[in-house]
Amino acid sequence: MLKAVLIAFSLTLLNAVSAMLISKHALKTDWKKFNKLVFGSMLIRYFLTAAAVWICIKYLELPALAFAFTHLLSTFILIIVEILFIHKRAKSVNLKN
């Protein structure tokens, strides 16, 4: 069960770190490009994460309940952190309208 928790948290952490790196880069651009980068990457990251979750449950034979609950909870927490990160950085960087 610990293996499932660690793998689920690792997947979520990788997703959040990539989101923050993309957001950090996107904040240096104008507003339209920012939206394209952030929302485009969100869509791509969603499908990659869904595929990774499916592969982990199907082929690694992890306990599905522990894996899914950890993934759900850590995704929720790290999305809040991601939103706060973008909000804080957007205040310090003047986005061009």
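In the predicted model, Val-53 touches Leu-11, Phe-67 and His-71, with residues up to four places away in sequence left out of the count. Val-53 belongs to the largest nonpolar core of the protein, a set of nine residues made up of Ala-4, Ala-8, Leu-11, Ala-52, Val-53, Cys-56, Leu-62, Ala-66 and Phe-67. At least two residues of this core come from each of helix 1 (2–26), helix 2 (31–59) and helix 3 (64–92). Another core lies apart from it and has five residues, including Leu-27, Phe-34, Val-38 and Ile-86. In soluble globular proteins, nonpolar side chains tend to be buried together.

The protein as a whole contains three helices and zero strands, and its pattern along the sequence is α-α-α. Its C-alpha atoms fill a box of roughly 50 × 20 × 15 Å along the principal axes. The chain has 97 residues, of which 29% count as buried. Among contacts with a separation of 6 or more, 77% are between residues 24 or more positions apart.

Helix 2 has 29 residues, which should span 42 Å at 1.5 Å a residue; the end C-alpha atoms are 41 Å apart, so the two values agree. The buried residues in helix 2 are Phe-34, Val-38, Ser-41, Arg-45, Thr-49, Ala-52, Val-53 and Cys-56. An α-helix has 3.6 residues a turn, so residues three or four places apart point the same way. The cover over the buried residues of helix 2 includes helix 1 and helix 3.

Helix 3 gives a matching check of length. Its 29 residues should span 42 Å at 1.5 Å a residue, and its end C-alpha atoms are 41 Å apart, which agrees. In helix 3, the buried residues are Ala-66, Phe-67, Thr-70, His-71, Ser-74, Leu-78, Glu-82 and Ile-86. These buried residues pack against helix 1 and helix 2.

One of the buried residues of helix 3 is His-71. Its relative accessible area is 14%, and because buried means under 20%, His-71 falls in that class. Leaving out residues up to four places away in sequence, His-71 touches Ala-8, Thr-12, Thr-49 and Val-53.

The model contains one salt bridge. In this salt bridge the side chains of Glu-82 and Arg-45 meet, with a distance of 3.6 Å from N to O. The pair links distant parts of the chain, as Glu-82 is in helix 3 and Arg-45 is in helix 2, 37 residues apart. Glu-82 and Arg-45 are both buried.

Apart from residues up to four places away in sequence, Lys-24 touches Phe-85 and Arg-89. The C-alpha atoms of Lys-24 and Ala-90 are separated by 9.3 Å, although the two residues are 66 residues apart along the chain.

The loop between helix 2 and helix 3 holds Glu-61. Most residues other than glycine have a negative phi. Glu-61 is not a glycine, yet it has a positive phi of about 50 degrees. This residue comes just after helix 2. With a relative accessibility of 67%, Glu-61 counts as exposed.

Phe-69, Leu-73, Phe-76, Ile-77, Ile-80, Val-81 and Leu-84 make a nonpolar surface patch of about 690 Å². Among these residues, Ile-77 is found in helix 3. Ile-77 has a relative accessibility of 45% and therefore counts as partly exposed.

Definitions and conventions: Residues numbered from 1 in each chain as written. Predicted model: local features only at pLDDT ≥ 70, side-chain atom pairs only at ≥ 80, totals over all residues. Heavy atoms only, no water. Helix = DSSP H or I, 4+ residues; strand = E, 2+ residues; numbered from the N terminus. Buried < 20%, exposed > 50% of the residue type's maximum accessible area, 1.4 Å probe, protein only. Contact = heavy atoms within 4.5 Å. Core = buried A, V, L, I, M, F, W, Y, C linked by side-chain atoms within 4.5 Å. Patch = residues over 30% accessible without salt bridge, like charges linked within 9 Å, V, L, I, M, F, W, Y side chains within 5 Å. Areas by Shrake-Rupley, 256 points an atom, 1.4 Å probe, with all protein chains shown as cover. Salt bridge = Lys/Arg side-chain N within 4 Å of Asp/Glu carboxyl O. Expected span 1.5 Å × (residues − 1).
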